[in-house]
Amino acid sequence: MKAVVYHGIGDIRVDDVPEPRIEQPTDAIVRITTAAICGTDLHFVRGTMSGMKPGKVLGHEGVGVVEEVGTQIHSFKPGDRVVISAVLGCGSCGYCRRGLFAQCDNANPYGPRSGTASFGSPEAQGPFNGLQAEYARVPFAHTNLVRLPENVTEAQAITLSDIYPTGYFGAVLADASDGKIVTVWGCGPVGQFAVLSAYQRGASRVIAIDGHADRLEHARRRGAEVINFNEVDPVVAIMELTDGIGADCAIDAVGVDGESPKSGPAAGRDDERNAEDQRTISPNLDSRGQDGHWKPGDAPSQAQTWAAESLAKVGTLGIVGVYPPTDRFFPIGTTMARNLTVRAGNGNHPRYIPKLLDMVASGQVRPEDVVTEHEPLTDAIGAYREFDLRSPGWLKVALQAT
Ligand SMILES: NC(=O)c1ccc[n+]([C@@H]2O[C@H](COP(=O)([O-])OP(=O)(O)OC[C@H]3O[C@@H](n4cnc5c(N)ncnc54)[C@H](O)[C@@H]3O)[C@@H](O)[C@H]2O)c1
Ligand SMILES: [Zn+2]
Ligand SMILES: [Zn+2]
């Protein structure tokens, strides 16, 4: 079968690989009809999240049709149309029972403290091949598959695999609730769903920050007040917009490939600290990338620093942007001085997907606008390159089976 395979930093290819087979009685094999490229995949290909094993199939977002199930799967059968959870739980351990699927004790065969189990990820997150492929093996299918009603389209369903539950989880972590003012840092696909989710949880105002005009325009259409950090100092702007008090909640939807401002009043101010962060986090990485692509972000802790500085006293920061274990930079002084609360982590997706799916199926939300590009799986590398450059309009790429 065809699949997008990781060969090394900056080197991904569409290869022919063997089809997956049932390995455990709780597995299912799913024929993937739609996969997607995530900002997380960019961290892997750029090398800012290390530990990817050459030969691994990439991708953790998928929708498809069940082909075959193991002997312990009694809720799905061949032909069922499903969305696959990007975060894998076993559905039985103490953590899963409390809805804390991202910290499941059993899903990752490398052990309970190894890392959140997911597809197509650095080896610490498990050996699971990814979903940018024609077929995939889904472990603990009773927990990690969700059946799709007929009226939910492929473009709607693919958002439920990872980006919508992650944006929602960001709003939960940041304690976005009735009447609050929420800042959303990063207007990529996850940031767009953080804006939507903050409003769904009752926020009165959402202020979204990015450096790309087209992404800010998407957030504005979702009702956010938008700030371009290449035009104004975002901390000054947020303080002005909130009567000098700051925001109640902040959601970091940026991650380790954060960028510094290249123009405007905030440009250059934190360059020295940013360079030191980047050197410490990824000492062996070429900061120039490769032939104009796969360039690591130059400011890994910029968004967190701005987010903390623009929070009101006793505000809450929720971090869903992904940072590697080598990252030791955080604005702890500001957090301490203002009694801030910080919560972080991978999303507990199986807990939220059914509820978000209900809202999509009933027409309450239209998540499909975020999926701006639809490309055949065979053209995945070109699509990765556009998404990596954040080319105007390339907000989210769905990969279609051919
Ligand atoms: N925790 C989870 O479960 C989970 C799941 C999915 C994705 N993620 C992570 O969420 C993050 C966002 O994912 P995505 O697919 O939207 O990625 P993306 O790369 O498309 O979006 C990131 C956005 O942040 C913006 N940005 C860069 N520097 C900034 C700064 N200093 N301030 C404000 N905005 C800035 C970029 O311009 C870009 O639009 C990534 O780190 C990804 O790994 C986490
Ligand atoms: Zn993802
Ligand atoms: Zn579990």
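Guide: Ligand 1 is surrounded by 34 residues, and the closest are G39, T40, G186, G188 and G255. A residue is taken to be near a molecule if its C-beta atom, placed from the backbone, lies within 6 Å of it. This is a predicted model, in which local features need pLDDT of at least 70, side-chain atom pairs count only at pLDDT 80 or more, and totals for chains, interfaces and linings use all residues. Residues are numbered from 1 along each chain as its sequence is written, while chains are lettered from A and ligands numbered from 1 in the order in which they are written.

Two or more residues of the shell come from each of the elements α1 (39-46), α6 (189-200), β9 (205-210) and α10 (302-309). Of these, α1 gives the largest share, 4 residues. Helices (H or I, at least four residues) and strands (E, at least two) are DSSP runs, numbered from the N terminus. By residue class, the shell holds 14 nonpolar, 15 polar and 5 charged residues. Here Ala, Val, Leu, Ile, Met, Phe, Trp, Tyr, Cys and Pro count as nonpolar, Asp, Glu, Lys and Arg as charged, and the others, Gly among them, as polar. Domain 1 (2-148 + 372-400) and domain 2 (168-344) each supply at least three residues to the shell; the domain bounds come from an automatic or database domain assignment.

Strand β9, one of the elements of the shell, also belongs to an open sheet of 6 strands in the order β10-β9-β8-β11-β12-β13, with parallel pairing. Its edge strands, β10 (225-228) and β13 (341-344), each pair on one side only. Two strands pair if DSSP finds at least two bridges between them. Strands β8 (residues 181-185) and β9 run parallel and are joined by 5 bridges; within this pair, V182 has V206 of β9 as its bridge partner.

Elsewhere, strands β3 (residues 28-37) and β4 (residues 62-69) pair in the antiparallel sense over 7 bridges, with I32 opposite G64 in β4. Strand β4 also pairs with β5 (residues 81-84), again antiparallel, over 4 bridges, and V82 in β5 is the bridge partner of G64. In general, strands of a sheet pair through backbone hydrogen bonds, either parallel or antiparallel.

As for the whole, the protein chain has 13 helices and 15 strands, and its C-alpha trace spans about 60 × 45 × 35 Å along its principal axes.
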